[in-house]
Amino acid sequence: MSSSPESAVVRESLAAKPLDMHVHVVGNGSGNSGCWVRVSPWRRPMAGLMLRHIGLPRTALKSDLERLYVERLLELVRSSSLGAVVILAQEQVHDDQGHPRPELGSFYVPNEYVLAIGRTHPELLPAVSIHPARPDALEELEWCLAGGAVMMKILPNCQNINCSDRRFARFWERMAEAHLPLLAHTGGEHTLPIVRADYSDPRTLILPLECGVTVIAAHCGTKSGLTDPEYFEVFVEMTQRFPNFYGDNSAFTVPIRGRHVAECVREPLVQRILHGSDFPVPVFGHFPWLRGFVDWKTFRQWEKHPNVLERDFQLKKAMGFPAETFTRCWKLLRVQTPLPSSN
Ligand SMILES: [Zn+2]
């Protein structure tokens, strides 16, 4: 692995600009990435809608998806107000003994793939994903740290990760030592299959927090479907107990998750909120406008904007998230200057 000194310089200049810390990449193996994606027939219309929404043809799923996706993402970042985005690897589902259970998941993005993209494009910062029950979890973590990982991303409820399992303490301690923050999905989820609904509870993140890891609760524990349990209040209470606990505002333009915007833009909670879009999850201005979070003019101005990263950024700004929400994450990420170089 290697990275050019020029990319370190470029990355330093980008760090003054807003950051979107929650961006998914997907691949179908077309570029030999090792990625796979399995879309069940009843989820196909949604997948097609997401591709159209980000400006790709529906047919991309069956063709050169990897090249098209990364090119489009770069185009969107470069023509937006953002300096960079964090791109997320996606670990496979594993059982409690650490054996992979690919049949339970719907997509996979290897760490190697996002790390390689990050080395080529300084605007795309790589977040890796490791199931801590894997027998080689610590080795994989070391390898990812050497490769330039800026964050780690997991979905405990979809990937079957009980973060408070004592067996994982050493793993979290090593992350804390290396200053690698953890982004963990919290609250319900309706885009991916759920394996353990009870792991949506932010309280399952207490062990990594106690081990000293900076933990970011994706979606602040908000529910996604009407019947999901609501963990927003639990999230808020935990921010009072743990100074190393944050939340992101990803998917806050959708009706159910966005119900808590008013609390999230108020002191002191606002100091723990980070900006993330959850790209390619669709961004619509209707809900923020109907709820009175943005005015008609702002809604009309951004609703049809073809750059969905910019649309999300502008709507969040209009919803009252202050400038620091968009830059705070730079201080939490493990961004090294100069970037690491290894064999
Ligand atoms: Zn997400």
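Analyst: Contact here means heavy atoms within 4.5 Å. Of the contacts in the chain between residues at least 6 apart in sequence, 80% join residues at least 24 apart. This is a predicted model: local features need pLDDT of at least 70, side-chain atom pairs count only at pLDDT 80 or more, and totals for chains, interfaces and linings use all residues. Residues are numbered from 1 along each chain as its sequence is written, and side-chain values use heavy atoms, with hydrogens and water left out.

User: Why is the pair Glu142 and Arg174 called a salt bridge?

Analyst: The term needs a side-chain nitrogen of Lys or Arg within 4 Å of a carboxyl oxygen of Asp or Glu. Glu142 and Arg174 meet at 2.4 Å, N to O. Glu142 lies in helix H5 (residues 137–146) and Arg174 in helix H7 (residues 169–177), so the pair ties together parts 32 residues apart in sequence.

User: How do you know whether Arg174 and Glu142 are buried or partly exposed?

Analyst: Buried means under 20% relative accessible area, exposed over 50%, partly exposed in between (1.4 Å probe, protein chains only). Arg174 has 17%, so Arg174 is buried. Glu142 has 34%, so Glu142 is partly exposed.

Note on methods
Helices (H or I, at least four residues) and strands (E, at least two) are DSSP runs, numbered from the N terminus.
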